[in-house]
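I open a notebook on this structure and list what I looked up.

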Amino acid sequence: MSSGAPAASGLAAAGTPPSAPSARYDLGVRLRANSEYVAIPVFALLMAAALFAVFLLAIGKSPIEFVNYVWRGGFGTAFSLQNTLQRSSPLILTALAVAIPARIGLIMIGGEGALVLGGFAAAAIAVPMVGVVPPIVTIPVMVAAAVLVGAMWVGIAGYLRYARGVNETISSLLLTYIGIAIMNFFVEGVMRDASNPNKPSTKPIGDAYMVGYIPGTEVHWGFPVGVLLSVALYILMTRTTFGFAARVTGGNFRAALAQGLPVGRLIVGCAMIAGGCAGLAGYFEVAAIQGRANASLAAGYGFTGILVSFLARHNPVVIIPVAIMFGGLVASGGLIQRRMGMPDATVLVLQGLIFVVLLTSETLYGRFAIFRAGDAKERT
Amino acid sequence: MNAGVVTVLIAMLGGAIRVSTPFMFVAVGECLTEKSGRVNLGLEGTLVLGAMVAYAISYHTGSPWAGVLAAGIAGSALGAMHGSICSLPRVNDVAVGIAMMLFGTGVAFFFGKPYIQPTAPRLTSIPFGGFSDDLNLRSALDINPLFFVGIAVAVIMAWAFANTRWGLIVRTVGDSAPAARAMGISVDLVRFLSTTVGGFLAGVGGAFLSLSYPGSWNQGLSSGQGLMAVALVIFARWSPLRCVLAALLFGAAGALGPALQSVGVTQGYYFFNAAPYILTLALMIASSSATRSARDMPGELSMAK
């Protein structure tokens with residue numbers, strides 16, 4: 001796909017001889033070339049914000065008030081900032097679920113399904129252990145269950161892509177719907193907590209199995225885990241043989257085949273990493289927020305994660321700040337709804353608008369000489 | 001037990017007719033778009049927006065057919081957006097489709113909130129079951145005119161692909177953009193129009209959802225039906241007529257859950273709700289191959305490369 005460009009520029013830089021002057025020269029060129037990948041998405045964000053402001057004015061709302069509430073609801077106070085970090089945790093993980101396959105040239109959007117099934121698996125395995133097995137045993141088992149189920153789920157889409165040529169975008173989204181249906185099947189049926197008449201849920205996993213907060217804050221451990229995982233996956237994709245092979249496969253599938261790279265294992269591997277990340281997000285939603293598995297797991301984090309990853313240009317480290325930004329937007333949704341009398345879908349409209357404008361801005365790459373001046377090894 | 005099976009079969013027949021209509025419109029619209037060499041994954045959003053607009057306009061004007069038209073116009077607006085954005089160089093049509101899906105759904109939920117409660121006038125069905133005393137059969141044969149409109153559109157489109165200059169132009173653009181350019185055809189314009197018309201049809205499909213069956217507007221109205229219809233086009237190998245047949249098959253699969261529920265089989269209701277998705281995936285697996293691109297696939301599709 002076309003947005004594999006950062007990988008391509010990374011390859012070009014890796015191929016230059018390591019003499020000191022040329023390395024310095026390269027650094028300047030790389031900074032210039034890479035600033036394009038910052039400037040254009042930022043420009044797209046501003047354009048989307050401007051369009052959204054026009055939209056708000058058209059329906060008689062104040063954009064300034066909107067910005068004010070996003071600030072207050074998402075970042076302004078210690079409470080709202082912690083809420084934002086809390087919500088950015090599943091966004092980081094589901095964005096990774098898009099970014100890793102994107103590196104190998106696949107557009108996979110099955111994060112929501114892996115999140116739901118991962119969370120469900122964690123709850124399902126914990127409930128029979130309540131009061132019997134000590135948390136020190138159960139918590140790793142829950143994490144493993146969530147990660148494995150998520151990895152298997154998206155892994156299916158990867159395998160089908162490699163072995164049967166099934167379009168991975170469609171299959172991963174279909175698997176999301178199937179995953180949600182499977183969870184509903186169990187939660188409304190055999191695993192339903194009969195003592196909870198309001199909302200079909202599994203039995204609670206109990207306080208002992210909850211992961212709790214980082215001391216001194218109200219941010220659960222999912223956030224630092226997401227940050228660490230982002231860094232780890234960045235290193236995996238840019239500094240290891242696996243990552244290099246995956247990027248080669250994404251850049252030129254036939255060349256990778258001709259080189260004898262294990263293309264199938266790479267594709268399934270990337271899909272499974274993706275699913276594992278999303279499954280982990282599901283684990284934290286269950287073990288840090290909900291305390292049980294129910295339909296609230298399908299809250300749309302998987303879909304917002306798609307946007308986060310595209311905006312971060314599928315760079316695992318850049319995902320962190322972008323996820324925090326959107327975490328703030330999601331966190332302020334309730335405040336906007338109450339104070340401005342706007343539907344909860346307002347955030348969806350803004351996200352959709354950003355996404356559309358962002359993809360439109362793809363056409364701007366390579367059009368501005370300022371990013372290329374002095375660059376002899378111009379990208380094609 | 002035997003009577004139960006008959007009831008289920010009749011309910012599935014009725015379901016096949018009712019449930020298939022939105023699939024049919026989306027699939028036939030997407031068939032046109034893909035024939036021109038572009039994929040619009042955003043038709044899920046178009047379907048939802050069409051459903052919302054149709055319901056709202058029908059509520060305000062009192063005329064459901066005005067709602068259908070408005071849904072088509074809303075759908076073409078989204079299609080035109082997709083078509084024009086994808087005309088720009090280096091823009092990925094699959095990714096734009098995902099964005100349009102989220103955008104269309106978001107806009108529909110935003111403006112649709114006030115219309116969840118009120119009741120809008122629905123499209124009236126034509127009763128074909130008058131000959132029978134069986135209530136189940138009569139309700140199964142209450143067929144919405146849009147069902148026939150959808151079949152007519154598919155037949156006309158199939159005929160046009162094979163026999164008209166317009167059909168030839170769309171097929172050429174879809175199979176080989178360089179050849180089309182050499183013929184002096186504006187590839188971007190043809191794709192823009194194909195996506196816009198495809199969006200119109202998907203919008204009308206959405207109108208069927210909210211104005212006929214299930215016949216109300218809410219946020220869970222279409223969970224993935226637009227997406228399944230897009231997948232169905234691959235299975236139907238880019239033929240409008242086969243799209244109709246595939247839509248009927250899907251309708252029957254989608255009706256399985258409610259049909260079983262109507263005879264008291266509630267066990268596994270959610271599992272049967274998953275049946276259409278699983279069937280779609282199975283059909284995609286069956287009709288794809290790792291080594292060659294699908295038969296009859298337009299050569300310009302990004303999926304083909």
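Confidence. I looked up pLDDT (the predictor's confidence in each residue, from 0 to 100): chain B averages 90, and 97% of its residues score at least 70. The model has an ipTM of 0.93 and a pTM of 0.91.

Conventions. I note that this is a predicted model, in which local features need pLDDT of at least 70 and side-chain atom pairs count only at pLDDT 80 or more, while totals for chains, interfaces and linings use all residues. Residues are numbered from 1 along each chain as its sequence is written, and chains are lettered from A and ligands numbered from 1 in the order in which they are written.

Helix pair in chain B. Helices here are DSSP runs (H or I, at least four residues), numbered from the N terminus. I took α2 (residues 43-61) and α3 (residues 64-87) of chain B: their axes come within 7 Å and cross at roughly 145°. Axes are lines fitted to C-alpha atoms over the stretch in contact, with angles from 0 to 180 degrees between N-to-C directions. I then listed the contact residues (C-beta atoms, placed from the backbone, within 7 Å). On α2(B) they include G45(B), L49(B) and V53(B), and on α3(B) they include A71(B), A74(B) and L78(B). The residues of this contact divide into twelve nonpolar, eight polar and no charged. Ala, Val, Leu, Ile, Met, Phe, Trp, Tyr, Cys and Pro count as nonpolar, Asp, Glu, Lys and Arg as charged, and the others, Gly among them, as polar.

Interface. I find 42 residues of chain A in contact with 41 residues of chain B. On the chain A side, α7(A) gives the most, with twelve residues. That side divides into 27 nonpolar, twelve polar and three charged residues.

How values were computed:
Helices (H or I, at least four residues) and strands (E, at least two) are DSSP runs, numbered from the N terminus. Two residues are in contact if their C-beta atoms, placed from the backbone, lie within 7 Å.
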